[in-house]
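Here is a short briefing to read alongside the model on your screen. Have the viewer ready and follow the topics one by one.

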Amino acid sequence: MKAAAGDPQSPFAGDPLTNWSQALRAAGLRVTRQRLAVIDAVIRKPHGTIEDIHDEVRSDLPRITIQSVYFVMNSLVTAGIVRKLELPGSPARYEVEGHDNHHHAICRFCGRIEDVACVTGTAPCLRPEAHVDMTIEVAEVIFTAVCHECATTQQARV
Ligand SMILES: [Zn+2]
Ligand SMILES: [Zn+2]
């Protein structure tokens with residue numbers, strides 16, 4: 001079973017540094033300062049792009065290159081520690097994998113992203129009605145939206 005937020009097994013419970021070190025080891029990865037710094041940056045900048053995360057990591061490791069952040073990030077995604085979001089019209093974005101199967105609402109004007117809790121919390125939360133000759137694993141729902149600020153400015157423009 002996968003750990004959920006609030007679960008004592010989850011890296012979110014207890015001392016974060018110890019828990020992330022454990023999560024890295026459990027995934028067969030060495031605990032390095034770079035990996036811990038990238039995880040920390042992803043926590044501080046949820047849904048950040050690789051550039052956002054690089055800026056954030058530089059406050060801990062001023063000389064780290066964007067390529068290093070990119071390599072570290074890929075290892076964390078493969079290990080299931082970080083979730084990579086591929087949203088339409090947007091560069092890849094990253095967030096800590098909370099195993100809550102949450103979805104995303106995106107403002108179609110400014111690109112702002114918000115989490116939308118999943119109704120069931122486990123994947124797949126939707127099953128196609130029509131028969132599909134495959135085992136459905138994940139249903140990723142993207143809600144296209146207009147945020148409050150854009151709703152106000154868009155109305156002002158009309
Ligand atoms: Zn907006
Ligand atoms: Zn999210």
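Of the 158 residues in the chain, 34% count as buried, where buried means under 20% relative accessible area, exposed over 50% and partly exposed in between (1.4 Å probe, protein chains only). This is a predicted model, in which local features need pLDDT of at least 70 and side-chain atom pairs count only at pLDDT 80 or more, while totals for chains, interfaces and linings use all residues. Residues are numbered from 1 along each chain as its sequence is written, chains are lettered from A and ligands numbered from 1 in the order in which they are written, and side-chain values use heavy atoms, with hydrogens and water left out.

**Confidence**

- The chain has a mean pLDDT of 87, and 87% of its residues reach 70 or more; pLDDT is the predictor's confidence in each residue, from 0 to 100.
- Residues 1-6 have a pLDDT below 50, and this stretch makes ten contacts in the model beyond near neighbours in sequence. Contact here means heavy atoms within 4.5 Å.

**Overall fold**

- Five helices and five strands make up the list of elements, taken as DSSP runs (helices H or I, at least four residues; strands E, at least two) and numbered from the N terminus.
- Along the sequence, the pattern reads α-α-α-α-β-β-β-β-β-α.
- Looking at contacts between residues at least 6 apart in sequence, 42% join residues at least 24 apart.

**Nonpolar core**

- The largest nonpolar core holds 23 residues, of which Val38, Ile53, Val57, Met73, Leu76 and Ile81 touch the most other members. Such a core is a set of buried Ala, Val, Leu, Ile, Met, Phe, Trp, Tyr and Cys residues joined through side-chain atoms within 4.5 Å.
- At least two residues of this core come from each of α1 (16-26), α2 (33-44), α3 (50-57), α4 (66-78) and β2 (93-96).
- Helix α2 gives the largest share, six residues.
- Ile81 is worth a click: leaving out residues up to four places away in sequence, Ile81 touches Trp20, Ala23, Leu24, Ala27, Ile39, Leu76, Val96 and Glu97.

- Donors are N, O and S atoms within 2.8 Å of the metal (3.2 Å for Na, K and Ca), and sites may look incomplete because water is not among the atoms.
- For reference, the ideal angle for four tetrahedral donors is 109.5 degrees.
- Cys107 in strand β3 (residues 103-107) and Cys150 in helix α5 (residues 148-157) link distant parts of the chain, 43 residues apart.
- Cys107 is buried at 4% relative accessible area, and Cys150 is buried at 10%, whereas Cys110 is partly exposed at 45%.
- Cys110 sits in the loop between β3 and β4 (113-116) and, leaving out residues up to four places away in sequence, touches Cys147 and Cys150.
- According to the unreviewed UniProt entry, a "binding site" annotation covers Cys107, Cys110, Cys147 and Cys150; UniProt positions are given in the numbering used here, feature names are shortened, and annotations may be inferred rather than shown by experiment.
- These annotated residues spread over 44 residues of sequence yet cluster in space, with a largest C-alpha distance of 8.1 Å.

**Zinc ion (ligand 2)**

- The protein donors here are His47 (NE2), Glu95 (OE), His102 (NE2), His104 (NE2) and Asp115 (OD), at 1.9 to 2.2 Å from the ion.
- Their spacing along the chain is H-x47-E-x6-H-x1-H-x10-D. His102 lies in the loop between β2 and β3 and Asp115 in strand β4, so this pair ties together parts 13 residues apart in sequence.
- His102 is buried, with a relative accessible area of 6%, while Asp115 is partly exposed at 42%.

**Leu85**

- Leu85 belongs to strand β1 (residues 82-85) and is buried, with a relative accessible area of 0%.
- Not counting residues up to four places away in sequence, Leu85 touches His47, Pro91, Ala92, Arg93, Glu95 and His104.
- Leu85 and Glu95 are ten residues apart along the chain, and their C-alpha atoms are separated by 7.8 Å.
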